[in-house]
Amino acid sequence: MAPRLQIIAATTAKERRKPSIAVLPFANMSRDADQQYFSDGISEDIITGLSRFRTLHVVARSSSFQFRNSKLNESEIANQLGIQYLVQGSVRKAGNRVRISAQLIAADSGEHLWAERFDRCLEDIFEVKDQVAQNVIAVLPGRIQHDVVARSFDKPTENMKAYELLLKGKALRDGLNPVDTARGKQCFEKVLELDPNYARAFMYLADTYVVDMWLGLVGEDAPKQALEIARKGAALDNNDVFIQDQLGYAYLSAQLWEQADAQFEKTLSRIVNEAESMA
């Protein structure tokens, strides 16, 4: 999805008083360079987990990922992003094993406030991501609302193959060209064969139809198909702002203007952080 909720991205003075943090793209330490999509997916999921806490200001992926392979130091990156803390890390995946290293850095001093390495089976990946976010939150000044902790870390699927395919499909979809979009669509369809209740897979699959419409590659039934798929995702998860946003775009593509306006208003009302305002 192209950035389309930028109206919320402008941070208020009140938000700037919150601890501010950016998650840089985790380095791919696997031997296979094609595994970059997996380490990017880990980074994005940590951003999503942190963004659900109202006491944090979390920089959107579109901003923090600009510093992939940057030669700037932590302090310079933080100054450009206007934040106080950085999360950096790396991912090494081999077979059914994954090693994730993560660290939290205070931008002004360069001090490493927390660092840990996780060596786990791939099936434990969601637990590891939760632990990273929880440890980051635990050492930041200010405390989170305890009533949202349990809701902030939800396991999206029990099927690790489905999760990997979702990350791969998303990376392909982000290419915004006919070949990659078609391959991404195949990935999302396979995801839903493995887990028919994976809400974000419906969201990304619907978006491939929207992308194809932009590229003029689909027939007259595409808007109806996109809307049907997007509705399924929204029905499965009524709280995910990205899924709700995609439903708005599906209405828009189907030229259902009033429904699209109402859906976008609903989505905007639920955004609590910059990282949720950019897809």
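**Figure 1. Overview of the chain in a predicted model.** The chain exposes about 13,400 Å², of which carbon and sulfur atoms supply 47%; accessible areas come from the Shrake-Rupley method with a 1.4 Å probe, and for residues only the protein chains shown count as cover. This is a predicted model, in which local features need pLDDT of at least 70 and side-chain atom pairs count only at pLDDT 80 or more, while totals for chains, interfaces and linings use all residues. Residues are numbered from 1 along each chain as its sequence is written, and side-chain values use heavy atoms, with hydrogens and water left out. The chain has twelve helices and six strands, where helices (H or I, at least four residues) and strands (E, at least two) are DSSP runs numbered from the N terminus. Of its 279 residues, 51% count as buried; buried means under 20% relative accessible area, exposed means over 50%, and partly exposed lies in between (1.4 Å probe, protein chains only). Among the contacts (heavy atoms within 4.5 Å) with a separation of 6 or more, 62% are between residues 24 or more positions apart.

Figure 2. A pocket is an open set of points on a 1 Å grid over the protein atoms alone, with protein on both sides within 12 Å along at least five of seven lines, whereas a cavity is a set of points where a 1.4 Å probe fits but cannot get out; lining residues have an atom within 4 Å of a point. The second largest pocket has a volume of about 210 Å³, a volume being the space filled by probe spheres set on the points, which are joined across faces, edges and corners. Its lining consists of 14 residues, of which Pro25, Ala27, Phe67, Arg68 and Asn69 lie nearest its centre. Strand S2 (27–28) and strand S4 (85–94) each supply at least two residues of this lining. The lining divides into seven nonpolar, six polar and one charged, where Ala, Val, Leu, Ile, Met, Phe, Trp, Tyr, Cys and Pro count as nonpolar, Asp, Glu, Lys and Arg as charged, and the others, Gly among them, as polar.

Figure 3. Asp40 lies in helix H2 (residues 36–51) and counts as buried, at 10% relative accessibility. The side chains of Asp40 and Arg68 are joined by a polar contact of 3.0 Å, that is, a pair of N or O atoms within 3.5 Å, of which, within protein, one must be able to donate a hydrogen and the other to accept it, with residues adjacent in sequence counting only if both atoms are side-chain atoms. Not counting residues up to four places away in sequence, Asp40 touches Pro25, Phe26, Phe65 and Arg68. Asn69, in the loop between helix H3 (61–64) and helix H4 (74–81), is exposed, with a relative accessible area of 71%, and has a positive phi of about 60° although it is not a glycine.

Figure 4. Asp237, in the loop between helix H10 (222–236) and helix H11 (241–253), counts as partly exposed, at 25% relative accessibility. Not counting residues up to four places away in sequence, Asp237 touches Ala199, Ile243 and Gln244. The C-alpha atoms of Asp237 and Ala199 are separated by 6.2 Å, although these residues are 38 residues apart along the chain. The backbone oxygen of Gln244 also lies 3.5 Å from a polar atom of the side chain of Thr267, a residue of helix H12 (residues 257–270) that is buried, with a relative accessible area of 0%.
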